[in-house]
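This note was prepared for a colleague who wishes to go through the structure point by point. Please read it with the sequence and the coordinates at hand.

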Amino acid sequence: MHRTIFLCLGLLSQAQVLADPPPQERQETLRNMLRHDCGACHGLTLKGGLGPALLASDLAAKSDDYLVDTIQNGRKGTAMPPWKPFISEQETLWLVQTILKRH
Amino acid sequence: MIKLRFSLFLCLLVSHGAVAEYRATGDLGIVIERAKGSALIINTSQRSILAKIESLGDLSHASVVFSRDERYAFIFGRDGGLTKIDLLQDKVAKRIIQAGNSIGGAISQDGHFIAVSNYTPGGIKIFLTETLELVAEIPAEYGENKLSKVVGLVDAPNQQFVFSLFDAGEIWLVDINNPKKPEIKKFKAIGKQPYDALLSPDGRYYIAGLFGEQGLAVLDLWNPETGVKRILPDYGKEDEKLPVYKMPHLEGWAVAGDYMLIPAVGQHEVLVIDKRSWTLVKRIPVAGQPVFVMARPDGRHIWVNFAFPDNQKLQIIDAKDLTIIKSLAPGKAVLHMEFTPRGEEVWVSVRDDNQLVVYDTESFKEIIRLPAENPSGIFFSSRAHKMGL
C-alpha cells in the first residue's frame, strides 16, 4: 500500500517537472547550441573534451536542479560559464531532459 | 595517309589528355566538415572544391598537418581517429583509431613522425608517417598515477615535440632523435590549466596560455635549462573576468614587428606583448571573447574571430597603429580562418550558414562563397613547411 502511494507520488512529481517543450524552431536552436556550443568543450557527441562527458549515463547521479543550476549559473572554479543570458530556466530544464533522454 | 596520321595524332592527344591530369598540391587545402565527419579537398588558386572524403568519424575540433612533400594530409579527429589522406588521389591512404578522445597533433621536423595529443588516455603517441605504425607512447602521468589531458602539442627544431598538461600544469619537451626511446624533460608548476600553446615561427619560444590563472608560460627552447618563465602575471587582475563560451586558440603567432598579439581570456581584448621584454604594451578592446588572433603572412593585418555569442563577427587590426580598421559579418558561427600562402586572400568557415567565404585581404571584399556542411577548421598545404603548425 505504502509502496503504491510512493510510486504514485513519484510518477506525479516526475510528471510535474517535465518541462514544457519550447516551440519547434527554438528547439532546433537549442539542439544546435547543445551540439556545437556546449560541444565546443564537451565534444560534439557530448563524450567529453576539456569539459566532462555529458551522456545520460554520466549524469544519472545528478539531480535536475543541480544540472539546471550548473547550466544557468556556471560552475565557479571551472571553465563552465553561465548560460542564463541566452537560455531561460524552462528551456534549460527541457535541455537537461533532452540530454537525459527523458523525451 | 595524311588523314590517318592526323587522326592518330588526335588519338594521341586525347589519350595523353586523359592521363595528363597531373595535380600539384602546393595550393591545396583541407576543410573539416565537423558535424558530417567529412573533409573537403580544396584548391586555393581556383577557389574550388575538388573532392569530399567521408566517414572520418567525430571531427569536432579536428586539426590537420601535412607531409613535407605536401602529398598527404593527416587529420586528427576528436574520437582518436588519425587519418592519412592522399591529396593526389582524393582518398584515404590509411586510417587508425589510436585513442578514445584526442585533441590535435604535429609532424616532426624531418617529417618522419606524427605525434597525437590525447585527452583519454591522457598523453601523446608517436607514429611513423609512412605507415601510421606506433613508435612510442608517452603517458602524461602526474601525481599518483593520474593522467592529464594533453594540449598545445607542437613540433620544434632538433626533432622535438613540446606539449602542455592541462590538469597537471606542466610543459613537457620530448626529444625523439632516438624514436624508440624518447627523452623527456618535464617543466613543473608552470601555471594552472594551460589550455593551448603555440611555437614562434623561428622555433625558439613555446608559449602556453593559462585558463586557471592570469598570464602565459614561456619556454625558451634555446635555453631550456633556464626553465619556464611566467609573463603578464598581473594582467587584468583588477577586472571582472567575463564568461568564456569557447576557449581561445593559440595557433600560429601573430607578430607585428617586435609585438606579438594574443587573445585575452575572460576579457574582450586582444593583448599586445613586446616580445623583447615580454611586457604588455596595449590591450585592444574587441567585439567579444577572441578565439583566433591570426596575422596575415606579411604581418600587416591581424584578423580576429570570436566566441559565442559574438561568433558572427570578424575584426581586423592594423599592425601599424594597433587599432581596429574593419569589422565584417561573414555569417552565423564563424569558426576559423586560413590565409593563402602569401596572404592575398583569406578563407573563412561559417558553420551555421554552411559556407566558406573567401575575402580579398586588402579591400576586405568578399570574392566567393562556397558550400560546405558545418565547416570548421581550414588548413592549407603550405603549413607543411612551417614549424609549429
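Predicted model: local features only at pLDDT ≥ 70, side-chain atom pairs only at ≥ 80, totals over all residues.

1. Chain A has a mean pLDDT of 84, with 83% of its residues at 70 or more. Within chain A, the lowest confidence falls in helix α1 (residues 2–17), where the mean is 46, and the highest in helix α4 (residues 64–73), where it is 96. Over residues 3–16 of chain A the pLDDT stays under 50, and for this stretch the model has zero contacts beyond four places in sequence.

2. Overall form of chain B. Chain B contains one helix and 34 strands. The C-alpha trace of chain B spans about 90 × 50 × 35 Å along its principal axes. Among contacts in chain B between residues at least 6 apart in sequence, 43% join residues at least 24 apart.

3. The sheet that holds the strands β1 to β3 of chain B. Which order do the strands take in the open sheet that includes β34 of chain B? The order is β3-β2-β1-β34 in chain B, four strands with antiparallel pairing. The edges are formed by β3 and β34 (375–380) of chain B, each of which pairs on one side only. Neighbouring strands of this sheet are turned against each other by 25° on average, direction ignored.

4. Six bridges pair strand β1 (residues 28–33) of chain B with strand β2 (residues 38–43) of chain B in the antiparallel sense. In this pairing, B:G29 has B:I42 of β2(B) as its bridge partner. Four residues lie between β1(B) and β2(B) in the hairpin, and B:G37 in the turn has a positive phi of about 75°.

5. Opposite B:L40 stands B:K52 in β3(B), while B:I42 stands opposite B:I49 in β3(B). This hairpin, too, has four residues between its strands, and B:R47 in the turn has a positive phi of about 50°.

6. The sheet β4 to β7 of chain B. A further open sheet of four strands has the order β4-β5-β6-β7 in chain B, with antiparallel pairing. Its edges are β4 (63–66) and β7 (91–97) of chain B; each has a single partner strand, so one side of each is left without a neighbour in the sheet. The twist from one strand to the next averages 20°. Inside the sheet, strand β5 (residues 72–76) of chain B and strand β6 (residues 81–86) of chain B pair antiparallel over five bridges. In this pairing B:F76 stands opposite B:L82 of β6(B).

7. Residue B:Q160. Is B:Q160 buried or exposed? B:Q160 is buried, because 22 other C-beta atoms lie within 10 Å and the criterion is 20 or more. B:Q160 belongs to strand β15 (residues 160–165) of chain B. Apart from its neighbours within four places in sequence, B:Q160 is in contact with B:L173, B:V174 and B:D175. B:I176, which is 16 residues from B:Q160 in sequence, is 5.9 Å from it in space, C-alpha to C-alpha.

8. Helix α5 of chain A. Which residues of helix α5 (residues 89–99) of chain A are buried? They are A:E91, A:T92, A:L93, A:W94, A:L95 and A:V96. The buried residues of α5(A) pack against α2 (24–42) and α4 of chain A. Just after α5(A), A:K101 takes a positive phi of about 55°.

9. Contact between the chains. Chain B contributes 22 residues to the contact and chain A contributes 18 residues. On the side of chain B that touches chain A, the residues divide into 12 nonpolar, three polar and seven charged.

How values were computed
Residues numbered from 1 in each chain as written. Chains lettered and ligands numbered in written order. Helix = DSSP H or I, 4+ residues; strand = E, 2+ residues; numbered from the N terminus. Contact = placed C-beta atoms within 7 Å. Nonpolar A, V, L, I, M, F, W, Y, C, P; charged D, E, K, R; others polar. Buried ≥ 20, exposed ≤ 12 C-beta atoms within 10 Å, placed from the backbone. Pairing = 2+ DSSP bridges. Axes fitted to C-alpha atoms, helices over the stretch in contact; angles between N-to-C directions. pLDDT = per-residue confidence, 0-100.
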